[in-house]
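Here are some worked exercises on one protein structure. Take a look at the model first, then try each task before you read its solution.

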Amino acid sequence: MKHRTPWSAALLCWLLCLALLTACGGSSAETETAGSCTVSISCATILDNLDQLNAAKADFVPDDGVILPETELSFTEGETAFDLLQRVCRDNGISMESSWSPLYKTAYIEGIANLYEFDCGKLSGWMYSVNGEFPNYGCSGYTLQDGDVILFKLNVYKHIIVKTY
């Protein structure tokens, strides 16, 4: 049985590490900017519904309802509205909690800035809009496009409107 010398084992280890680091480095295309968009976070609907607000949450509501003013950000190819929300919250020290919904195969936003679903009534919760429209699927399913205007807002409803046909 042939034994390797210590220097050949070290060389082999070094080459393996180099190969792994090179493989994990990714391509420069992954970090190229694909476009820019505007994002904001609002809980202004609470201001008209303070009677429904959980009293313990009053200190978390900004006077103007703006958690994050309109902010222009660049994004990379394939980033979603959820990716953007995670990044902007992390970069601005805003707490955000979400969970994965296997039924809908998307992220569900539970709370932003210590304001959670149901904090302002049974029909309150976080929604998002893209260019003024509310998609009918979760924010992790929307891939960002150049020029998008993304708004995350805490909506407060007093009743559910049911359409009958």
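**Exercise 1. Find which residues have the most contacts inside the largest nonpolar core, and which elements build this core.**

Step 1. Start with the core itself: the largest one has 34 residues, and I41, I46, I112 and F152 have the most contacts inside it. A nonpolar core is a set of buried Ala, Val, Leu, Ile, Met, Phe, Trp, Tyr and Cys residues joined through side-chain atoms within 4.5 Å. Buried means under 20% relative accessible area, exposed over 50%, and partly exposed in between, with a 1.4 Å probe and protein chains only.

Step 2. Now look for the elements that give two or more residues: they are β1 (33-42), β2 (66-76), α2 (81-91), β4 (106-112), β6 (124-130) and β7 (149-156). Helices (H or I, at least four residues) and strands (E, at least two) are DSSP runs, numbered from the N terminus. The largest share, 6 residues, comes from α2.

Step 3. Zoom in on I41. Leaving aside neighbours within four places in sequence, I41 is in contact (heavy atoms within 4.5 Å) with residues including V66, L85, I112, W126 and F152.

A word on the source: this is a predicted model, where local features need pLDDT of at least 70 and side-chain atom pairs count only at pLDDT 80 or more, while totals for chains, interfaces and linings use all residues. Residues are numbered from 1 along each chain as its sequence is written, and side-chain values use heavy atoms, with hydrogens and water left out.

**Exercise 2. Describe the aromatic pair: how are its rings arranged, and which strands hold them?**

Step 1. The structure holds 1 aromatic pair. Rings of Phe, Tyr and Trp (its six-membered ring) pair if their centres lie within 6.5 Å; planes under 30 degrees apart count as stacked, over 60 as edge-to-face and the rest as tilted.

Step 2. The ring centres of Y128 and F152 are 6.0 Å apart and their planes meet at 25°, so the pair is stacked.

Step 3. Y128 belongs to strand β6 and F152 to strand β7, so the pair ties together parts 24 residues apart in sequence. Both residues are buried.

**Exercise 3. Is K122 buried or exposed?**

Step 1. Locate K122 in the loop between β5 (115-116) and β6.

Step 2. Its relative accessibility is 76%, so K122 counts as exposed.

Step 3. Look across to Q52, which is 70 residues away along the chain: the C-alpha atoms of K122 and Q52 are separated by 9.2 Å.

**Exercise 4. Explore the hairpin of β3 and β4: which residue takes a positive phi?**

Step 1. Strand β3 (residues 96-101) pairs with β4 in the antiparallel sense over 6 bridges. W100 stands opposite A107 in β4.

Step 2. The hairpin has 4 residues between the strands, and K105 takes a positive phi near 55°.

Note on methods
Two strands pair if DSSP finds at least two bridges between them.
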